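This briefing is written for a reader new to the structure.

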Amino acid sequence: MTATTAVLLGNTAMLEAAGVTAMPRTWGELESACAATGSPATWANHGWLIQQAVAGQGGLLTDHDNGRSGRAEKVTLDSAELLAYATWWQGLHERGHYLDTGTPEDWGGTLRAFTEQRAAFTIASSVVAGMVARACSEAGFEAVACPLPYNEAAPRAGHLVSGQAFWLTAGLPRDRADGALAFLQYLLDARNVAGWHRAAGFLPVTGASVELLEREGWYDRHPIHRAATDQLRAADGSPAALGAIAGDLAGIQDRLTDAMAGVLRGADPGTRLAAATVSAQRLLDAHNDDCARGLTPRRLAVK
């Protein structure tokens, strides 16, 4: 019910002044646009966004189809897709086209850099796109959104959706199950889903709600929200685009963040990602060992 993805936001005033006529769609176009505007891009060094970059190239974080055809047993953080992203990101930073706030997971700092016009582009969760657009308008410029830029040298798979969900317990008495199902159907009514999107910014999670918003002209009046829905509809439904299911995924994400912090300081991407793989494997092994022994896993963090 609280679904979100990540989108690229751009400063239209900076783009127009530099003669850039369209939002960048690829990694190369993003770098060229930064060079043209003379202003960097910025986004949080966060494991979720790194996962987005891997998924966009069709890459997997774990075996067994990203943990979707069986329990994830092996994690790979030094794949070709991750190395490609880390190397590109490091080069972007070294050439002055990426603004590093120096603080991992600094969502607030990167968004401030964008709204204060210290960066021409940022990557943000789609749920805050409307809020960011309003802040930009108050600052005297317009923000525009588009799907995340992709690696032009790799096949495209799509990007992840994240959020929270309701689950209906199996084996309930018939009257309770019917009541719970009726509640979920109420929440999923197109009018209610559209209302939740308009009020809170979360993605409309049904096709009927998207069609309702289209008919109402919502996207025409608020185009900042269209990119996220378009991005998810373009995904190929593969295990890469669906994202990983793995024990202690929050901890694995932290290892990605730590590795990339070192890469942005000039460390060798391959070396840092190989070390992160070893560390992340220990977390996955510990989780799976707890499950095999019938124990509650020692780490149940969610990020």
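The second largest cavity is lined by V7, S126, A129, H197, G201, F202, L203, P204, I224, H225, A228 and T229. Its volume is about 60 Å³. The model is predicted, with local features needing pLDDT of at least 70 and side-chain atom pairs counting only at pLDDT 80 or more, while totals for chains, interfaces and linings use all residues. Residues are numbered from 1 along each chain as its sequence is written, and side-chain values use heavy atoms, with hydrogens and water left out.

**Cavities**

- A cavity is a set of points, on a 1 Å grid over the protein atoms alone, where a 1.4 Å probe fits but cannot get out; lining residues have an atom within 4 Å of a point.
- Grid points are joined across faces, edges and corners, and a volume is the space filled by probe spheres set on the points.
- By this rule, three cavities of 30 Å³ or more are counted.
- The lining of the second largest cavity comprises seven nonpolar, five polar and no charged residues. In this classification, Ala, Val, Leu, Ile, Met, Phe, Trp, Tyr, Cys and Pro are nonpolar, Asp, Glu, Lys and Arg are charged, and the others, Gly among them, are polar.
- The largest cavity holds about 120 Å³ of space, and its lining consists of W27, W43, L49, Q52, A53, Y85, W88, I123, L148, P149 and H159.
- Helices α3 and α5 (80-94) each supply at least two residues of the lining of the largest cavity, and α3 gives the most, with three residues. Helices (H or I, at least four residues) and strands (E, at least two) are DSSP runs, numbered from the N terminus.

**The largest pocket**

- A pocket is an open set of grid points with protein on both sides within 12 Å along at least five of seven lines.
- The largest pocket has a volume of about 1000 Å³.
- Its lining contains 37 residues, of which V161, S162, G163, L249 and K303 lie nearest the centre of the pocket.
- Two or more lining residues are given by each of α3 (47-56), α6 (107-115), β3 (121-125), α13 and α14.
- Helix α14 provides the largest share of this lining, three residues.
- By class, 21 residues of the pocket lining are nonpolar, 12 are polar and four are charged.

**Helix packing**

- Helix α9 (residues 190-200) packs against helix α10 (residues 207-216) at an angle of about 70 degrees, with their axes 8 Å apart. Helix α9 is therefore roughly perpendicular to α10.
- Axes are lines fitted to C-alpha atoms, for helices over the stretch in contact, and angles run from 0 to 180 degrees between N-to-C directions. Angles of 65 to 115 degrees count as roughly perpendicular, those under 35 as roughly parallel, those over 145 as roughly antiparallel and the rest as oblique.
- The crossing of α9 and α10 is right-handed. A crossing is right-handed if the near helix is turned clockwise from the far one by less than a right angle, and left-handed if anticlockwise.
- The axes of α5 and α14 come within 9 Å and cross at roughly 40 degrees, so α5 is oblique to α14. This crossing is also right-handed.

**Contacts between residues apart in sequence**

- Residue A55, found in helix α3, counts as buried at 2% relative accessibility. Buried means under 20% relative accessible area, exposed over 50% and partly exposed in between (1.4 Å probe, protein chains only).
- The C-alpha atoms of A55 and L242 are separated by 7.9 Å, although the two residues are 187 residues apart along the chain.
- Residue M131 has its place in helix α7 (residues 129-138) and is partly exposed, with a relative accessible area of 45%.
- A separation of 8.5 Å is found between the C-alpha atoms of M131 and G201, which are 70 residues apart along the chain.

**Positive phi angles**

- Most residues other than glycine have a negative phi.
- Residue D65 is not a glycine, yet it has a positive phi of about 55 degrees. D65 lies in helix α4 (residues 63-67) and is partly exposed, with a relative accessible area of 38%.
- Residue D248, not a glycine either, has a positive phi of about 55 degrees. D248 is found in the loop between α13 (239-242) and α14 (249-264), and at 7% relative accessibility D248 counts as buried.
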